[in-house]
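Please read them beside the structure shown below.

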Amino acid sequence: MSKKFLIVGGVAGGASTAARIRRLDEQAEVIMFEKGPNVSFSNCSLPFHLSGIVENSSKLILMTPQTFQSKYNIEARVSHEVVSINRDAKTVTVKNLINDTSYEESYDTLVLSPGASPIVPNLEGVDSPHVFTVRNVVDIERLNNYVKSDDVEDIAVIGGGFIGVEVAENLRLAGFNVSLVKHAQQLITCIICLNRTRE
Ligand SMILES: Cc1cc2nc3c(=O)[nH]c(=O)nc-3n(C[C@H](O)[C@H](O)[C@H](O)COP(=O)(O)OP(=O)(O)OC[C@H]3O[C@@H](n4cnc5c(N)ncnc54)[C@H](O)[C@@H]3O)c2cc1C
């Protein structure tokens, strides 16, 4: 009997796991859940949409649910959030974010690849409409639309890791006055190395 794999998260980890399962097992049923509207996009290229180097945000999307289905026979359900795992029954509860309904899906094997979220400092005003985080295509479109349509001149980028530096660089290329703010003394600090130097 064919095995049924459920994968939570449809970007780098989830999508490559799904493709790998298909290569190893032609008969397996593979369903990938992604709570956002896109699967398999190019996170690395997101900041370059701000400068226009990647002009059209649709170019950031590498695969669609349709291509997953036709190329790999993998069912990718976007705007579907896995909200609980019922281990004894070997099912997950899934919320369809489009029509706000929930249902159960059974599995033989469950793979969790939910990624991470940007750290948002607990500061007053952080919920304001002109404060943004950068993690996915929706985020970068929202930020890009805001800075290009409003009367924006000065932008502060909080966080000087490689994502912050790339975002700052591309906003600068787009002609904005950009300040990059980082609490440590160096930009793009490797946390592991930093901790080792403190040991
Ligand atoms: C702007 C930017 C630039 C980057 N540049 C580089 C680079 O140049 N080189 C490099 O190596 N790495 C880069 N990275 C990092 C790289 O993108 C991540 O390491 C990689 O995306 C992690 O993949 P992931 O699948 O683990 O997590 P994610 O890409 O975060 O994907 C996890 C997905 O799971 C979904 N999810 C979470 N919970 C649920 C749930 N309960 N139900 C359904 N779906 C759920 C989320 O919506 C998310 O889309 C960059 C990241 C960003 C944001």
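1. By class, the lining of the largest pocket holds 27 nonpolar, ten polar and seven charged residues, where Ala, Val, Leu, Ile, Met, Phe, Trp, Tyr, Cys and Pro count as nonpolar, Asp, Glu, Lys and Arg as charged, and the others, Gly among them, as polar. The model is predicted, so local features need pLDDT of at least 70 and side-chain atom pairs count only at pLDDT 80 or more, while totals for chains, interfaces and linings use all residues. Residues are numbered from 1 along each chain as its sequence is written, and side-chain values use heavy atoms, with hydrogens and water left out.

2. The largest pocket has a volume of about 1600 Å³ and is lined by 44 residues, with I119, F132, V157, I158 and G159 nearest its centre. A pocket here is an open set of points on a 1 Å grid over the protein atoms alone, where a 1.4 Å probe fits, with protein on both sides within 12 Å along at least five of seven lines, and lining residues have an atom within 4 Å of a point. Grid points are joined across faces, edges and corners, and the volume is the space filled by probe spheres set on the points.

3. At least two residues of this lining come from each of helix 4 (137–149), strand 8 (154–158), helix 5 (162–173) and helix 6 (191–198); helices (H or I, at least four residues) and strands (E, at least two) are DSSP runs, numbered from the N terminus.

4. Of the 28 residues lining it, V11, E34, K35, P114 and A116 are the closest to its centre, and the lining divides into twelve nonpolar, twelve polar and four charged residues.

5. The ligand sits in the second largest pocket, in the sense that more than half of its atoms lie within 2 Å of the pocket's grid points. Around the ligand are 22 residues, the closest being G13, E34, N43, V82 and R135, each with a heavy atom within 4 Å of the ligand. Strand 4 gives the largest share of this shell, three residues.

6. Among the polar contacts (pairs of N or O atoms within 3.5 Å), a side-chain N or O atom of E34 is 2.7 Å from a ligand oxygen, and one in the side chain of R135 is 2.5 Å from a ligand oxygen. A backbone N or O atom of K35 lies 3.1 Å from a ligand nitrogen.

How values were computed: Polar contact = N/O pair within 3.5 Å; in protein donor to acceptor, adjacent residues only side chain to side chain.
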